[in-house]
Amino acid sequence: MSGGNLVGGVGTPRVHESAHLHVSGEALYTDDIPEPRGMLFAAIGMSERAHARIRSMDLRPVRSAPGVVHVISAADVTGINDYGPVVADDPIFANSLVEYAGQSIFAVAAKTIEYARRAAKLAVIDYEDLPPNLDAQSALSEQSFVLPTETMARGDSAEAIASAPHKLRGRFTLGGQDQFYLEGQIALAVPNEDGAMLVYSSTQHPGEVQHAVAHALGRRRSSDITIQCRRMGGAFGGKESQPSLFACIAALLADQTGCAVKLRPNRDDDMILTGKRHDFIADYDVGFDDTGRIRGYQVTLASRCGMSADLSGAINDRAMFHSDNCYFLENVLIRSHRCKTNTVSSTAFRGFGGPQGMLVIEHVVDEISRHLGRDPLDVRSRNFYGIGERDITPYNMKVEDNIIEEIVPALEKSARYRERRRMIESFNAASPVLKRGLALTPVKFGISFTATHLNQAGALIHIYTDGSVYLNHGGTEMGQGLFTKVAQVVAEELQIDIDRIKSTESDTSRVPNASATAASSGSDLNGKAAQAAAHTLKQRLTGFAAEHFGVEPEQVVFRNNQVLIGTETVSFQELVKLAYFARVSLSATGFYRTPKVGYDRETWTGRPFYYFCYGAAVAEVIIDTLTGENKLLRIDILHDCGESLNPAIDRGQVEGGFLQGMGWLTTEELFWDENGLLKTFAPSTYKIPVCSDWPDEVHVELLETGRNTENTIHRSKAVGEPPLMLAFSVFFAIKDAIASIAGYRLSPRLDAPATPEEILMSVQELGLRVKQHSGTTV
Amino acid sequence: MPVSQSDCNAIRFVLDGEVRVVAGIDSNMTVLNYLRDELRKTGTKEGCAEGDCGACTVVLAELDGNRVRYRAINSCIQFVPTLDGKELITVENLKGPDGSLHPVQQAMVDCHASQCGFCTPGFVMSLFALYKSEDKPSRRRIDDALAGNLCRCTGYRPIIEAAEAMHRIGNELSDQDAHWMNCSFSSSPDSRTGGEREAYERLRSIQRRDTLRFATSGFAGSKRHYFAPTSVVDCASLIAQHPDAHILAGGTDVGLWVTKNHKDLETIIYTGNVKELRRLELSDTHIEVGAAVTLNEVHELIGQHYPSLAELLRRFASPPIRNAATLVGNIANGSPIGDSMPALISLGASLLLRQGQQTREVMLEEYFLSYQRTVLNAGELVERVRIPLHHEPHSFRTYKVSKRFDQDISAVCAAFFLQREKHRVIKIRACYGGVAEIPKRAPACEQALSGTEWNDESVCVAMSALDEDFTPISDMRASKDYRRLVAKNLLRRFWLDTDPTSIQTSVIDYLP
């Protein structure tokens, strides 16, 4: 179905639907919405201790501070004092126990934001300190978990390792990451009549916020609560479960004062109050043959989940599901500990545990290749899933759409991997201080919510009598271009120009029970739902046209803003008007559920994913062995977006995801002090990539032959999360550069993130080992 | 609208092409809050309220002789009264009168350079400042211009492309009698178009010869005083009269006291209008930098004499910060991690301090007493810094090591000044930041090197000697072990950089 001259159809590089508003400052974010009369501003009183009992709390200085209108704490929560998304272990306000430094204890509503924030500092709290577990290791030692340990196994991994010609055992640790969305958390609650409440929330999951607010307010009907979000200024998972806290507090204060209340923590408080990517400790045993093929693999993952379960169950499940990346693991045992720590509850972040599981196996494969003295790419290829053989994942799902053997050789060739490796080796031999490194890493990422029931979506479309279209669906816009892609799908389906379609804010009253916009699934789910709604309308119009013009329905064809009806052609708008006068309903909902998915969590077998996304990257870096400073010199990426709905937007996701992943693995370091206080809570101390970190030489290609083997929306593939893992190439290129100082004969000890400090210390340690190997010179 | 010079209790600035006279403004109010909360102009965003993310970037236009100069600044930490005498340009001002997008905005749209869009107004304004001051920026210049703007979505590639495309779009538009804002800056007054001339005249009409002073009520009814003197004599006497006053220059540190610590600045004395302090002078023996000279303003002159320091200044914070922050401010606030200090100390810089009519000169290395404590007396002002020019043969380098190259605070900063006779070390000054509570020379290291051959062996000895000089601490930027090791290795790097073997040591300058 070709679009002809259709503007903004599927597959075109349409600009973001809000681009003209972004650049002019006219795009409204929650803090930009005109404020209701008499609106109050809120601030949160936060715990100063990581783990303590509150002996007493005097809020009188807060109440009597200038401008203060209302103060609430745990006892004042009308309904349920909890906003946990899965398990009820996330109090809105700490009761008598605080479990992380920064935890919400009370909240203030005041006449200005300055009054509120100053008052929130005035509480007099007497704490009785309790011993804290400040990291996963400490929690592991005490067997302190937020959820039970899970195990996934296949074959006899112990025996396979024992009988393998080579064995390695080791520990690899990888750091967390702050989402650092540019727009912080925010909620604006506006009370309405008869117990109703409208909350503007910067959220990926309006439906969950709706229920959390209803429970907090003690409403018997969630239908009393409406959540709206036109757009977010970035989210990256950080606005999946976290916004409920802010929405609940704003709503409670609004409900109790009768005034609209806005709660916007400043950047520092936002970073201290909200969850981040889980950091992991991985202990592994691997047995392999002379070629590097893995015979048996055992890994124990332990992640910092923080003080509550939040989404840690699904996140750690996904880490387990991705412990294979692209590699066939015949005999495998994956154990996952979900450690309870006295730090902020870790939460969703692009990749949702997948990147962590994948990085561990990439580390193991890299170790194998260095142990054997083989090029890491050869060992990687040696372990790839096969086609028709060696194609069953550890969770017993058949990999049916494997194209990694297509992507990796193509990229190896286009990036001139082998040739550059030789050039780099000779450069390094002649350069005593600066060293270059190269790595190619693959990505395979499973698409679908692993909680099967979430794989559903709804949409709502109205057609007005002038032929213009109102489009609404359950997905949220956080910059990823979802609204643009879904509008393209509708434009294609109805064969009308995209500028006839108005994309509108996510709203729980327009599409109910929507899942979070997460798991890269936004376009897959909402695109299909919107297509279904548009299809329903098109069928109604077709039926009407056939009857009205006396032709067969097959003779009614929508094409490029026109409708061909037998021998006649009318404009879309004319047909709509005729249909209206004939009393045809011009509003429809659409619904979609992902087929085929489902698995048994008891046995860890089945099909958690509808399909897989693939990609690969080659990174070349240079490091300074005197300081650990480093720079990405060149990146080559080949990524599979299926038949892209919008190649410009998809390229943006690929590049943005890559750089975000690179930040995670290089400069972005979270630091808690010995008391459990987060010390990297602002951009002055937490360093995400800047413009100069984008390399000079870049080759990014979307796989031209890409096509989803499953019947996804126009055979496209999800793109939100998978590209983040392309950044593994940077991490392993750094490791490769370090390895050069030992003539590639020893493997450097490098954990993530590879900050300049981590790199320099790795260089030092490797230098010492080189000296210990007698007769070896640097 | 002509404004009388006696109109002293109000500030005057240009916004939306009109002179605004604003009285009674809280002197602690930031430009960002004024725009968003008072004027309901919400295009400018708050991302961090500390000048590190750039979402709040606006452009100031001001007179510089008979030119109009455009510079991007962070509105989140700039106080409203400092707008006096300037034009404030926000993202809302860029569209043409017909509603068409400015070339910078159009380039951003065409290149798919916005995703979530929240950082976008800030990027647009940084690019607008670049657009108005430079014609064909290189990739390196684009990186520099955008070093203060964080984007978490795009990976920056499309924004870089927009920066490369904006002038082409502008040239296409300017054929069609475009709004003057759509032209890149015309440097000569004669070539000014009508709109540009009007903007220039508006700015001229609000310049001030006398001290701006006003009192307003601040937080919860407290009283606040703001002074913006125009002569150093008035400035010094105001400071002497108000020894508790906060001296405000760029405000890039002071601003955070308000936005982050909720501190009340009851009395502010702003140095930005003091003509003597605005001076940057070059003599045969010295570069003299007045207290109100911004880091960007000193950059070029310093670069002519000390390229290594200029490279460090290029990496110092970001353009919006360097457009506001002053070199003297970096010194005066006494931070242990001020990036300019090791270089200035190793070069033998001194400070001219003024109290009322009394002045005294102190060596910069003697200025710092302990953590954030200096020899500066209450009521005293750092008037200028004097950087000696070394005409005799010497080697000078300064290095900064941080997690991220651009816009980061150093884990370790070092500077070395070396004079040799043949291969023998005649004079060495090694100075470090980030390894002690104040920026400090390394006496044991210097002593180990004095009079020795400048070679690998003596450098190794001096590297070990650094252990006697410093006991660094661990924090979120680096561990003490890393700091100690890097301090040593930077001395090695200096040795390699002065050695004719031409071994490459700089990742930043490396070109494949």
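User: Which residue is the bridge partner of Phe214(B) in β7(B)?

Analyst: Tyr226(B) is the bridge partner of Phe214(B) there. Keep in mind that this is a predicted model.

User: How many bridges join β6(B) to β7(B), and do they run parallel or antiparallel?

Analyst: Six bridges join them, and the two run antiparallel; β7(B) covers residues 223-228.

User: What sheet is that part of, and in which order do the strands come?

Analyst: An open sheet of four strands in chain B, in the order β6-β7-β9-β8, with mixed pairing. The edge strands are β6 (212-217) and β8 (246-248) of chain B, each of which pairs on one side only. On average, neighbouring strands of this sheet are turned by 20° against each other, direction ignored.

User: Which helix lies across β6, β7, β8 and β9 of chain B?

Analyst: Helix α7 of chain B, residues 232-241. The helix runs at about 160° to β9(B), which spans 267-270.

User: OK, the five-strand sheet in chain B. What's the order?

Analyst: β2-β1-β5-β3-β4, again open. The pairing is mixed here. At the edges are β2 (18-23) and β4 (67-74) of chain B, each pairing on one side only. Neighbouring strands are turned by 35° against each other on average, ignoring direction.

User: And how is β3(B) joined to β4(B)?

Analyst: By eight bridges, with the strands antiparallel; β3(B) is residues 57-64. Glu62(B), for one, has Arg69(B) in β4(B) as its bridge partner.

User: What packs on that sheet?

Analyst: α3(B) does, touching β3, β4 and β5 (87-89) of chain B. The direction of α3(B) makes about 25° with that of β3(B). There is also helix α6 of chain B, residues 194-205, which lies across β1 (10-15), β2, β3, β4 and β5 of chain B. Helix α6(B) runs at about 75° to β3(B).

User: Switching to the interface. How many residues of chain B and chain A are in contact?

Analyst: 81 residues of chain B contact 91 residues of chain A. The two chains bury about 7,200 Å² between them, and 59% of that is on carbon and sulfur atoms.

User: Which three residues supply more of the area chain B buries than any other three?

Analyst: Arg152(B), His262(B) and Lys403(B), which supply 13% of the area that chain B buries against chain A.

User: What does Lys403(B) form a salt bridge with?

Analyst: Glu669(A), with the closest N and O atoms 3.0 Å apart. Across the interface of the two chains there are 15 salt bridges. The interface also has 41 residue pairs in polar contact, both residues at pLDDT 80 or more.

User: Which element gives the largest share of chain B's side?

Analyst: α16(B), with nine residues. Among the elements that each supply at least two residues are α2 (103-110), α5 (157-174), β17 (395-401) and α16 (480-498) of chain B.

User: How does that side split by class?

Analyst: The side of chain B that touches chain A has 35 nonpolar, 19 polar and 27 charged residues.

User: Back to salt bridges. How many over all chains?

Analyst: 101. One of them lies within chain A, where the side chains of Arg264(A) and Asp31(A) meet at 3.3 Å, N to O.

User: Where do those two sit in the chain?

Analyst: In distant parts, 233 residues apart. Arg264(A) is in the loop between β12 (261-263) and α8 (267-273) of chain A, while Asp31(A) is in the loop between α1 (19-24) and β1 (40-46) of chain A.

Note on methods. Residues numbered from 1 in each chain as written. Chains lettered and ligands numbered in written order. Predicted model: local features only at pLDDT ≥ 70, side-chain atom pairs only at ≥ 80, totals over all residues. Heavy atoms only, no water. Contact = heavy atoms within 4.5 Å. Buried area = accessible area lost by both parts, 1.4 Å probe. Salt bridge = Lys/Arg side-chain N within 4 Å of Asp/Glu carboxyl O. Polar contact = N/O pair within 3.5 Å; in protein donor to acceptor, adjacent residues only side chain to side chain. Nonpolar A, V, L, I, M, F, W, Y, C, P; charged D, E, K, R; others polar. Pairing = 2+ DSSP bridges. Axes fitted to C-alpha atoms, helices over the stretch in contact; angles between N-to-C directions.
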